[in-house]
Amino acid sequence: MKRKMPVLCLLAAALVSLALLAGCGAKAQPVYITVVNRTTLPLADLRIKLVSEEDFGENRLETTLQEGETASIQLGRYTQDQLDGGCNLQFYDETGEPVYPEYDPDTVTLMESGNVFILAPPNLGVTLFVDSSYDPAAYDEKIAALYDLADDGRGDVIPQGGGFHEDAVNDFTAFAGIWLGEANNDYDSMEIDADGSWTLYLCGEAVDSGSLRYEPEWEAVYAYSDLDDSGSRIALEGSQLYTAAYGYFNSGEGMEYLWYAPGSLAESSEASGSYRSWDSSLFQRNVAEFEGVWYHEGDLSAETYIVLDGHGSWSYYQRAPGVESEEMDCGTFSYSTDEASTYYADSTLYDGVSYKVFELDEDVLVWGDEGSYYLME
């Protein structure tokens with residue numbers, strides 16, 4: 001844990017900050033990708049690393065992906081410079097054999113956070129596609145066209161119907177439930193009923209609603225808004241819900257048992273407070289709700305204060321009378337996996353430094369051993 005610098009050291013710290021400021025400008029950000037298995041084979045093991053890293057590490061898949069299934073993978077935190085160097089991949093079937101025996105794992109693939117890696121069928125001449133989104137129908141046509149181009153005659157192996165049975169295209173049971181926005185999502189949650197009606201929430205207020213509809217022309221489900229009748233693709237990707245208009249959401253199973261204030265997502269006669277939860281059992285909020293300026297012990301003239309933006313990034317400032325404030329540390333939020341109302345402020349300026357943050361009250365955060373900070377602006 002980095003100690004708070006005494007006021008007399010501010011001048012020296014300012015000189016050090018000048019040398020480190022560039023490191024804070026090039027912040028390491030969470031990086032994720034989505035993998036789509038179009039190999040026609042079960043995909044049991046996928047390993048990925050940046051070119052600058054030595055080892056591939058462990059299998060990134062939690063479960064075997066069958067043909068057409070997808071998985072969202074969090075790769076870690078990297079700077080843009082690290083991503084610019086590209087990545088290497090390895091992938092194996094259930095027997096431990098390479099899906100593509102001729103594929104060289106040292107092949108460099110360029111990527112950005114949020115990219116979709118579509119692993120192609122064998123003998124296609126292309127190992128994988130890297131895209132910003134995935135439309136199953138579009139890739140059905142692309143794969144079939146590549147087979148035809150190679151005179152392979154295998155265009156008919158592409159599954160038809162986008163995985164939807166003709167009698168079940170209006171059954172939206174699989175989407176039903178409460179879905180919680182990811183940390184970088186602009187929305188708190190999305191609630192979907194089995195009949196396809198849905199409501200989008202931000203800070204406990206409904207900001208949009210509509211209905212799901214299967215579109216046979218594109219062989220996909222779209223979420224249509226009641227506000228302007230616009231439609232955007234919606235799909236299940238592994239354990240996540242993806243919406244082209246609203247981003248990624250995680251399952252909020254069990255969230256119905258939380259207590260909410262009247263007028264918010266749910267109500268209970270035993271309600272004792274209001275939480276919009278990232279994890280229903282740990283009472284963690286979307287970090288976007290912490291956006292603002294937090295002052296030590298609620299004092300606007302305090303020596304230290306913390307600025308949080310709406311995407312989970314933070315900066316820790318220190319100041320003294322007559323001296324301009326200095327950014328002493330910065331980083332991003334992560335979530336505790338076993339402690340209620342607890343988060344971690346991971347530094348991107350100092351390796352290995354992480355502050356334990358506890359939400360004491362709605363507008364009060366206990367920041368490591370630095371004391372309590374109050375939301376004032």
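Start by selecting Arg-77 and Asp-346: their side chains meet in a salt bridge, 3.7 Å from N to O. Salt bridge here means a side-chain nitrogen of Lys or Arg within 4 Å of a carboxyl oxygen of Asp or Glu. Arg-77 is in strand β3 and Asp-346 in strand β21 (residues 342-347), so this pair ties together parts that are 269 residues apart in sequence. Strands are DSSP runs of E with at least two residues, and helices are runs of H or I with at least four, all numbered from the N terminus.

Before moving on, a word on the ground rules. This is a predicted model, in which local features need pLDDT of at least 70 and side-chain atom pairs count only at pLDDT 80 or more, while totals for chains, interfaces and linings use all residues. Residues are numbered from 1 along each chain as its sequence is written, and side-chain values use heavy atoms, with hydrogens and water left out.

Now colour that pair by accessibility. Asp-346 is buried at a relative accessible area of 17%, whereas Arg-77 is partly exposed at 34%. The cut-offs: buried is under 20% relative accessible area, exposed is over 50%, and partly exposed is in between (1.4 Å probe, protein chains only).

How many salt bridges does the rule give? The count comes to 4. Go next to Glu-67 and Arg-38, whose side chains form one at 2.9 Å, N to O. Glu-67 sits in the loop between β2 (45-50) and β3 (70-78), and Arg-38 in the loop between β1 (29-37) and β2, so the pair ties together parts that are 29 residues apart in sequence. Arg-38 is buried, with 4% relative accessibility; Glu-67 is partly exposed at 26%.

Next, pick Asp-45 and Arg-47. They form a salt bridge too, with the closest N and O atoms 2.9 Å apart. Asp-45 counts as buried at 15% relative accessibility, and Arg-47 as partly exposed at 23%.

What the Asp-93 side chain does have is a 2.6 Å polar contact with the side chain of Thr-95. That term covers a pair of N or O atoms within 3.5 Å; within protein, one must be able to donate a hydrogen and the other to accept it, and residues adjacent in sequence count only if both atoms are side-chain atoms. Leaving out residues up to four places away in sequence, Asp-93 touches Pro-42, Ala-44 and Val-99, where contact means heavy atoms within 4.5 Å.

For the last stop, switch to cartoon and show β17 through β24. These 8 strands make a closed barrel, running β17-β18-β19-β20-β21-β22-β23-β24 with antiparallel pairing. Zoom in on β19 (residues 313-320) and β20 (residues 323-335), which pair in the antiparallel sense over 7 bridges; two strands pair if DSSP finds at least two bridges between them. To see one of these bridges, select Gln-318 and its partner in β20, Glu-326.
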